[in-house]
Amino acid sequence: MAYGTESIPKVSKIFGPGNQYVTTAKMLVYGEVDIDMPAGPSEVLVFADKDANSAWIAADLLSQLEHGEDSQAILVTTSELLAKEVLMKVKNQTEKLERKEIIKKSLDNSLPLLWKTKIKRAK
């Protein structure tokens, strides 16, 4: 719709995220129509404590990983138990998703980080 048709006028601006193909398409039509920005790979960073809902965290991570093989999702937590639960939920939820092959490849770019040290607050 960047160029329009005989019966439909071209759009004024293209908005929204996407994978590398969407970014390439936006760059190809930039100048003909305005774009919001040439977005890069999808990324998400989740900070969670021991009381967080592991199923929700897994769903948040997967919502970005399905966008492309170059997507990245990182969990930072102080709870080893939560990290293990999230990894299990990611695995289980992935199997139910249509884009599971893309997710499995993007998981290579992703990881849980276990934060073991406490930060001292300034007085």
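At 1.5 Å a residue, the 12 residues of helix 2 (residues 54-65) should span 16 Å, and the end C-alpha atoms of helix 2 are 16 Å apart, which agrees. The expected span of a helix is taken as 1.5 Å times one less than its number of residues; helices (H or I, at least four residues) and strands (E, at least two) are DSSP runs numbered from the N terminus. The model is predicted, so local features need pLDDT of at least 70 and side-chain atom pairs count only at pLDDT 80 or more, whereas totals for chains, interfaces and linings use all residues. Residues are numbered from 1 along each chain as its sequence is written, and side-chain values use heavy atoms, with hydrogens and water left out.

The buried residues of helix 2 are S54, I57, A58, L61, L62 and L65 (buried, under 20% relative accessible area; exposed, over 50%; partly exposed, in between; 1.4 Å probe, protein chains only). Seen down the axis of helix 2, these residues fall within an arc of 130°, so they line one face of the helix; the arc is that of the directions from the helix axis to the C-beta atoms. They pack against strand 3 (43-48), strand 4 (72-77), helix 3 (80-94) and helix 4, where contact means heavy atoms within 4.5 Å. At the start of helix 2, a side-chain oxygen of N53 comes to within 3.0 Å of the backbone nitrogen of A55.

For helix 3, 15 residues at 1.5 Å a residue should span 21 Å, in agreement with its end C-alpha atoms, which are 21 Å apart. L82, A83, V86, V90 and T94 are the buried residues of helix 3. Viewed down the axis of helix 3, its buried residues fall within an arc of 100°, so they line one face of the helix. L81, K84, M88 and K91, on the other side of helix 3, are exposed. The packing partners of the buried residues of helix 3 are strand 3, helix 2, strand 4, helix 4 and strand 5 (111-114).

Three strands form an open sheet in the order 3-4-5, with parallel pairing; two strands pair if DSSP finds at least two bridges between them. Strand 3 and strand 5 stand at the edges, each with a single partner strand, so one side of each is left without a neighbour in the sheet. Neighbouring strands of this sheet are turned by 15° against each other on average, direction ignored. Strand 4 and strand 5 pair in the parallel sense over four bridges, and I74 stands opposite L111 in strand 5. Helix 2 packs on the sheet, touching strand 3 and strand 4, and its direction makes about 170° with that of strand 3. Helix 3 also packs on the sheet, touching strand 3, strand 4 and strand 5, and its direction makes about 155° with that of strand 4. Axes are lines fitted to C-alpha atoms, for helices over the stretch in contact, and angles run from 0 to 180 degrees between N-to-C directions.

S71 is found in the loop between helix 2 and strand 4 and is buried, with a relative accessible area of 1%. Not counting residues up to four places away in sequence, S71 touches P41, S42, Q64, L65, S106, N109 and S110. S106, in helix 4 (residues 100-106), is buried with a relative accessible area of 0%.

Conventions:
Polar contact = N/O pair within 3.5 Å; in protein donor to acceptor, adjacent residues only side chain to side chain.
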